[in-house]
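Subject: Structure handover

Hello,

Here is the structure you are taking over. My notes on it follow below.

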Amino acid sequence: MGEHKGRYLKPDYYLMILVGILLIVGIIMVYSSSYVWADYSQGDHAFFLKRQLLFVGTGVMAMFIMMNVPYHFLKKHVRLLLCICFLLLILVLIPGIGIVRGGARSWIGIGAFSIQPSEFMKMGLIIYLAAYLSHHQKQMKSFLKGFLPPILLVMVAFGCIMLQPDLGTGMVLVATCMLMIYVNGAKLNHFIAMLSVGLAGFIGLIASAPYRIKRITAFLNPWEDPLGDGFQIIQSLYAIGPGGLLGVGLGKSLQKYFYLPEPQTDFIFAILGEELGFIGGVIMLLLFALLFWRGTYIALLAPDQFSRLLALGIVFMLTIQVMINVSVVIGLIPVTGITLPFLSYGGSSLTLTLISVGILLNISKYTQM
């Protein structure tokens, strides 16, 4: 089907059901993992639950809006969207506008809430790259004309994010964009050349910040500093280990009693593993695998190259985030600060995730499933 000749169909209900299940599990786990800390810090055991319900409601509304905005509209206004994303990344660096949390100036306060511009840059850059790559597919074999321009744009966005600094989000952005460029027909030897340069730069970034070096050493031997940089990963493993096959029971986690810091955010999968056990964790990963399969299926049946790349970019982004988050929780890679899509507490990340699902659902309306 052509871009403007596609027959308007119903959205992919399988994807909607999967997202609904993940959101329900997320709401349950946010409450289960946070009520102890919420009662202590806020005097309200349902504090984080109420806010998460608000985030879910806002995100679901955004998802349905994007589901009904034709993806051609995004392509038409892609430059404006990217400029807004870059503007937000610049504003967040200005003292008085950007809010510092966890040592990074990554947030812009809006009333009682805040947004994380780097999260929206991920989506903005995916949309822009899908438009650019779809128009330059025949030139992708050329290093200077096809490969280098999008790579430079990705590096500029990565550099802006690293000024905050936010290495975890930057890693997701770069990995997602690289995969989009590769599936669009770029030569493998171009990636190998860029990988060598990128690896040297990555090592330089780690070496330039002492806290990143500490994260690496804590990852290699967390028990060397059990009350400092190794604390989170040790407590995460202490949560997962006792969970066993079936878990200790929903709501019966011990690690949420001030052992694992803010368990409702990056380490929510650890609490899930403790309470629901190995089987519960595997079921969650299977749900994410089904989400990846359904998103890829939509991409393969997309009516044009722009929508195909856009759908694949969204699937890549979500899958990479899941892989990084779970890998951190089970001790396979150093702590990065990446949330678990649909499950972790937070407004910007959840809203962006549901907006991206809304775009996927809109693309599914133009496919012949």
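Leaving out residues up to four places away in sequence, Q235 touches Q255, Y259 and L260 (contact means heavy atoms within 4.5 Å). Q235 sits in helix α10, residues 231–243; helices are DSSP runs of H or I with at least four residues, numbered from the N terminus. With a relative accessible area of 9%, Q235 is buried (under 20% relative accessible area, using a 1.4 Å probe and protein chains only).

This is a predicted model, in which local features need pLDDT of at least 70 and side-chain atom pairs count only at pLDDT 80 or more, while totals for chains, interfaces and linings use all residues. Residues are numbered from 1 along each chain as its sequence is written, and side-chain values use heavy atoms, without hydrogens and water.

Cysteines: the search of the whole structure gave zero disulfides, a disulfide being a pair of cysteine sulfur atoms within 2.5 Å. C177 is buried at 1% relative accessible area, and C160 also counts as buried, at 18%.

Cavities: one cavity of 30 Å³ or more turned up in the whole structure. A cavity here is a set of points on a 1 Å grid over the protein atoms alone where a 1.4 Å probe fits but cannot get out; lining residues have an atom within 4 Å of a point. The largest cavity holds about 50 Å³, the volume being the space filled by probe spheres set on the points, which are joined across faces, edges and corners. Its lining includes T339, F342, Y345 and L350.

Regards

Terms used: 1 Å grid on protein atoms, 1.4 Å probe; cavity = no way out; pocket = protein on both sides within 12 Å on 5 of 7 lines; lining within 4 Å. Buried < 20%, exposed > 50% of the residue type's maximum accessible area, 1.4 Å probe, protein only. Helix = DSSP H or I, 4+ residues; strand = E, 2+ residues; numbered from the N terminus.
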